[in-house]
Amino acid sequence: MSLLRMSMRSRLLLSVLSIACLLGSAIPSVASAANTDLERFALSLVNCTRTGGWVRADGSCKGRGSGTYSKYRQPLTLHSGISSKVARKYAAKLASADACRHDLGGSSIQQRFRTGGYHRTPYGESLGCSSGWSTRRMVIRTHRMMQSERSYNGWHWRNMKNGDFTRVGVGIARDGNESRVVYDFYGG
């Protein structure tokens, strides 16, 4: 049926549906912008700790860049390619599967980096997972858990403080109540 032959009500309904479709296609970019802001926030927490500061329960940083709470390391640079090709994809996969592990679906950290086009080493990965918290709260709580590993030099702590890493990709995803953050550290 042509537009001219449609009733006014049908044309109005078609217009409303068209606008809804256009708005619906814009929603993922809005969500991506929110996640990008959270990714930068997550990086700021890592760099607080990396430069010798200490992240507090509210997400603020005490002593950024001071070397007061641990040895100073150069801040990491956010790598957009690793974020988009490795970290975000894996965060989304983890959230949708309600999983929290480094080998979901048989993929390894090394495979994910290579598939993303990053073949050099060193590289490392840290994950954070939660159910029910806001995504921002999950990022803060995950970071503080990783930061608390200082006392026994745990892997998450070592990744943050590793002087061989110069860049990091950050990916954050939420699926229902499940939130995930992936930090993919890279030195190549």
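**View 1. Cysteine 48 is buried in this predicted model.** Its relative accessible area is 0%. Cysteine 48 and cysteine 61 form a disulfide, with 2.0 Å between their sulfur atoms. Cysteine 48 belongs to helix H1 (residues 8–50) and cysteine 61 to strand S2 (residues 61–62), so the bond ties together parts 13 residues apart in sequence. The angle about the S-S bond is 85°, and the link of cysteine 48 and cysteine 61 is right-handed.

**View 2. A disulfide joins cysteine 100 to cysteine 129.** The S to S distance is 1.9 Å. Cysteine 100 sits in the loop between helix H2 (80–97) and helix H3 (109–115), and cysteine 129 in strand S4 (residues 123–131), so this pair ties together parts 29 residues apart in sequence. Torsion about the S-S bond of cysteine 100 and cysteine 129 is about 85°, so the disulfide is right-handed. Cysteine 100 is partly exposed, at 45% relative accessible area. Cysteine 129 is also partly exposed, at 23%.

**View 3. The chain's disulfides follow the pattern 1-2, 3-4.** Bonded cysteines are counted along the chain. The count comes to two disulfides.

**View 4. Helix H4 covers residues 135–147.** Helix H4 has 13 residues. From first C-alpha to last, the helix reaches 18 Å, close to the 18 Å expected at 1.5 Å a residue. Its buried residues are Thr135, Met138, Val139, Ile140, Thr142, His143, Met146 and Gln147. An α-helix has 3.6 residues a turn, so residues three or four places apart point the same way.

Technical notes. Residues numbered from 1 in each chain as written. Predicted model: local features only at pLDDT ≥ 70, side-chain atom pairs only at ≥ 80, totals over all residues. Heavy atoms only, no water. Helix = DSSP H or I, 4+ residues; strand = E, 2+ residues; numbered from the N terminus. Expected span 1.5 Å × (residues − 1). Buried < 20%, exposed > 50% of the residue type's maximum accessible area, 1.4 Å probe, protein only. Disulfide = S-S within 2.5 Å.
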